[in-house]
Amino acid sequence: MEERMNMVTAVPAGYAAMAELEKYVKSTSLNPELKELIKIRASQINGCAFCLDMHTKAARKLGETEQRLYTLSAWRETPFFTPEERAALAFTEAVTLVTEGHVPDDVYQQVCVYYDEVQTFEILMSIVVINAWNRLVISTRRMPAAD
């Protein structure tokens with residue numbers, strides 16, 4: 001597959017706006033490992049190879065285990081994730097798949113058990129931003145570089 005267009009050169013102001021959103025997400029109070037899990041899980045759902053490559057590498061650098069990365073798409077079936085992470089992952093899936101039933105009250109209520117209002121919004125912004133990146137990257141066919 002060939003890259004269709006390059007957002008950085010085609011619309012630098014648009015790319016800069018996205019970069020500012022990413023900068024905000026990086027500055028939030030959430031732990032970096034959770035942010036990467038959110039990015040990976042949304043990217044798995046969306047099928048974004050570029051973002052999966054980037055964020056699994058970033059997660060490994062933060063100390064994330066291979067076992068958790070390999071089983072993230074089946075997190076409900078493993079004992080490897082904390083209750084807090086499970087709530088954030090369920091929220092990630094609901095927001096990413098919003099057309100399949102919106103965000104159910106029980107999913108929202110569960111995330112609020114473990115995170116305060118600001119943290120819940122920070123999780124939501126993390127989900128929104130990675131979904132936007134996924135859509136931009138998939139639409140432009142940006143490919144990850146081979147190692």
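Colleague: Which residues lie nearest the centre of the largest pocket?

Modeller: Please bear in mind that this is a predicted model. The largest pocket holds about 490 Å³ of space, and 26 residues line it. Those nearest its centre are Glu22, Phe50, Met54, His55 and Trp133.

Colleague: Which element gives the largest share of the lining of that pocket?

Modeller: The elements that contribute two or more residues to the lining are helix H1 (7–10), helix H2 (12–27), helix H3 (32–46), helix H4 (49–61) and helix H8 (117–140). The largest share, seven residues, comes from H8.

Colleague: Is serine 126 buried or exposed?

Modeller: Serine 126 belongs to helix H8. Apart from residues up to four places away in sequence, serine 126 touches Val25, Leu30, Lys35 and Ile38. Buried means under 20% relative accessible area. Because the relative accessibility of serine 126 is 1%, this residue counts as buried.

Colleague: How far apart in space are methionine 18 and alanine 132, C-alpha to C-alpha?

Modeller: Methionine 18 is in helix H2, and its relative accessible area of 10% makes it buried. Beyond its neighbours within four places in sequence, methionine 18 is in contact with Met7, Val129, Ala132, Trp133 and Leu136. Although methionine 18 and alanine 132 are 114 residues apart in sequence, the distance between their C-alpha atoms is 8.4 Å.

Colleague: Which elements are included in what covers the buried residues of H3?

Modeller: H3 has 15 residues and spans 21 Å from first C-alpha to last, close to the 21 Å expected at 1.5 Å a residue. Its buried residues are Leu34, Lys35, Glu36, Leu37, Ile38, Lys39, Ile40, Arg41, Ala42 and Ser43. Their cover includes H2, H4, H5, H6 and H8.

Colleague: What follows H3, with a positive phi?

Modeller: Let us take both ends of this helix in turn. At the start of H3, a side-chain oxygen of asparagine 31 reaches to within 3.0 Å of the backbone nitrogen of glutamate 33. After H3 comes a residue whose phi is positive, near 70°, namely glycine 47.

Colleague: What is the relative accessible area of leucine 72?

Modeller: Leucine 72 is placed in the loop between helix H5 (66–71) and helix H6 (83–96). Setting aside neighbours within four places in sequence, leucine 72 is in contact with Leu37, Ile40, Arg41, Gln44, Phe81 and Leu89. One of these, glutamine 44, is 28 residues away in sequence, with 9.0 Å between the C-alpha atoms. Leucine 72 is buried, and its relative accessible area is 0%.

Colleague: Which elements do the buried residues of H6 pack against?

Modeller: H6 has 14 residues and reaches 20 Å from its first C-alpha to its last, close to the expected 20 Å. This helix is mostly covered, since 11 of its 14 residues are buried. Among them are Leu89, Phe91 and Val95. The buried residues of H6 pack against H3, H5, helix H7 (105–114) and H8.

How values were computed. Residues are numbered from 1 along each chain as its sequence is written. This is a predicted model: local features need pLDDT of at least 70, side-chain atom pairs count only at pLDDT 80 or more; totals for chains, interfaces and linings use all residues. Side-chain values use heavy atoms; hydrogens and water are left out. On a 1 Å grid over the protein atoms alone, a cavity is a set of points where a 1.4 Å probe fits but cannot get out, and a pocket is an open set with protein on both sides within 12 Å along at least five of seven lines; lining residues have an atom within 4 Å of a point. Grid points are joined across faces, edges and corners, and a volume is the space filled by probe spheres set on the points. Helices (H or I, at least four residues) and strands (E, at least two) are DSSP runs, numbered from the N terminus. Buried means under 20% relative accessible area, exposed over 50%, partly exposed in between (1.4 Å probe, protein chains only). Contact means heavy atoms within 4.5 Å. The expected span of a helix is 1.5 Å times one less than its number of residues. A polar contact is a pair of N or O atoms within 3.5 Å; within protein, one must be able to donate a hydrogen and the other to accept it, and residues adjacent in sequence count only if both atoms are side-chain atoms.
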